[in-house]
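Reader: Please take me through the terms used for this model, setting each value against its definition.

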Amino acid sequence: MRTAYSVETVRAAERELMARLPEGTLMQRAAAGLAAVCVRLLPRVYGSRVVLLVGPGDNGGDTLYAGAKLARRGAGVTAVAMDPERVHAGGLAALRAAGGRLDGAVPERADLVLDGLVGIGGRGALRPAAAALVERIPAGAVVVAVDLPSGVDADTGEVAGAAVTAAVTVTFGAYKPGLLIDPGASRAGALHLVDIGLDEVLPAPEVEALQHAGVAGLLPEPTASSDKYRRGVLGVVAGSARYPGAAVLAVAGALRGGAGAVRYVGPRAVAEAVLARYPETLIGTGRVQAWVVGPGLGDEGGPEVREALAQPVPVLVDADGLRGLDPGQLRARAAPTLLTPHAGEAAALLGVARETVEAGRLEAARGLAERYGAVTLLKGSTTLIAPAGPGPVRVNPTGTPWLATAGSGDVLSGLAGSLLAAGLPAVDAGSVAAYLHGLAARLTGGPLLAHQVAEALPRAWREVARR
């Protein structure tokens, strides 16, 4: 599992560790790790052209010391300072001693560019001097961000203006949330974590991203004594005369989610469409261990949503079911609730503009979870799963733009609901469902349709389980 920590947490851990170590130890560890990654990225170090974009803080110092190590191995290293009057003195001396130089302009050609302009403490838009250097990065150079791409907010992933787009980001001590959450994540490229010793002093993370092994440990597996009822029964309230396909797709995801049975409750014509595609579906009311309500209900789904929420079992609310939710009713529930909005639905629930949600996805997910007392799965370019109480926000690493297709959210809801019925806590159900959903889309490739993602879910399940 990748764990990420806020700037404040990382800074506090660094201070605690630096108090125990000789001065400069952490910077030298960071620079050594950065240089080692750069060596692997270059076809050969000797004779290569390396450009350092250097800011005035410790981030610039890390960059200069790494550049000095490359210069000692024969690279031609040129540093360009955002503010020539405020350059890390020790790092610049080391670079010059190794044969590197400080220049006033970015060279037109380079094999490798290190972005050390702004570190994790940067907020808001880049200063004009930094933005101008970003614009002059030579075309064709491999760009390596030092700790974080300049222009990306380390805590949120927000990008307020010009920002570096890196092929690789080398981050120190711990991942930062902005490296895992879009739009920052899409600027970071491949991530490399350099161990500088912070693990021993870091507290619980603010953000975490499951990997294959973690997901495999959460998958519900039947035992010798299992039957369809012990494995869990999911009730699905979805679809309408206008949107019958939503019910079919939600059931498709549910049948592949680990529960023992899926029970569909809805209009007769829609039930017939579901049965025609999935004859194993149970039809009509009966005992369930969890509910999915909302996909394709249209404007008339309020009573069904309130009825489901009144029952003492986990409930997933999606799509049309999210309209007009009463925070008081949700907060009063004893059983878990899982909300699965996209950005537009989240904006309506929060009473803000959609653009506000898309620019600050982490804040929006946490805000929804707090306001409604419900685990919130915020769908989008980076799907986030925020707990209803204390604990880290989960970030799904398997998302793909190919999932931006009609009906994919219905499949995800059914899958997550089935995992709820199988007994997973709401945060785990949402996290595992998002992971498998994204992996199934990646395994299928694009362009794709929602039902193709549903059909690929068993393959994604097996891919994870065998790890």
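Reader: What makes the pair R333 and T337 a polar contact between side chains?

Author: The side chains of R333 and T337 are joined at 2.8 Å, and a polar contact is a pair of N or O atoms within 3.5 Å, where within protein one must be able to donate a hydrogen and the other to accept it, and residues adjacent in sequence count only if both atoms are side-chain atoms. The R333 side chain also reaches the backbone oxygen of Q311, again at 2.8 Å. This is a predicted model, in which local features need pLDDT of at least 70 and side-chain atom pairs count only at pLDDT 80 or more, while totals for chains, interfaces and linings use all residues. Residues are numbered from 1 along each chain as its sequence is written, and side-chain values use heavy atoms, with hydrogens and water left out.

Reader: Which side chain of opposite charge is nearest to R333, and how do you know that there is no salt bridge?

Author: The nearest one is D326, 11 Å away, whereas a salt bridge requires a side-chain nitrogen of Lys or Arg within 4 Å of a carboxyl oxygen of Asp or Glu; Lys and Arg count as positive and Asp and Glu as negative, with His and the chain ends not counted. Leaving aside residues up to four places away in sequence, R333 touches A308, L309, Q311, V313 and V315, contact meaning heavy atoms within 4.5 Å.

Reader: Why is Y243 called partly exposed?

Author: Y243 has 36% relative accessibility and therefore counts as partly exposed, since buried means under 20% relative accessible area, exposed over 50%, and partly exposed in between (1.4 Å probe, protein chains only). Y243 is found in the loop between strand 10 (233-237) and helix 9 (244-255), and its side chain makes a polar contact of 3.2 Å with the side chain of R242.

Reader: What makes a set of residues a nonpolar core, and which members of the largest one touch the most others?

Author: A nonpolar core is a set of buried Ala, Val, Leu, Ile, Met, Phe, Trp, Tyr and Cys residues joined through side-chain atoms within 4.5 Å. The largest has 93 residues, of which L34, V50, L52, L114, V317 and L325 touch the most other members. Helix 2 (residues 25-41) supplies the largest share of this core, eight residues. A second, separate core of 55 residues includes V236, V262, L415 and V464.

Definitions and conventions: Helix = DSSP H or I, 4+ residues; strand = E, 2+ residues; numbered from the N terminus.
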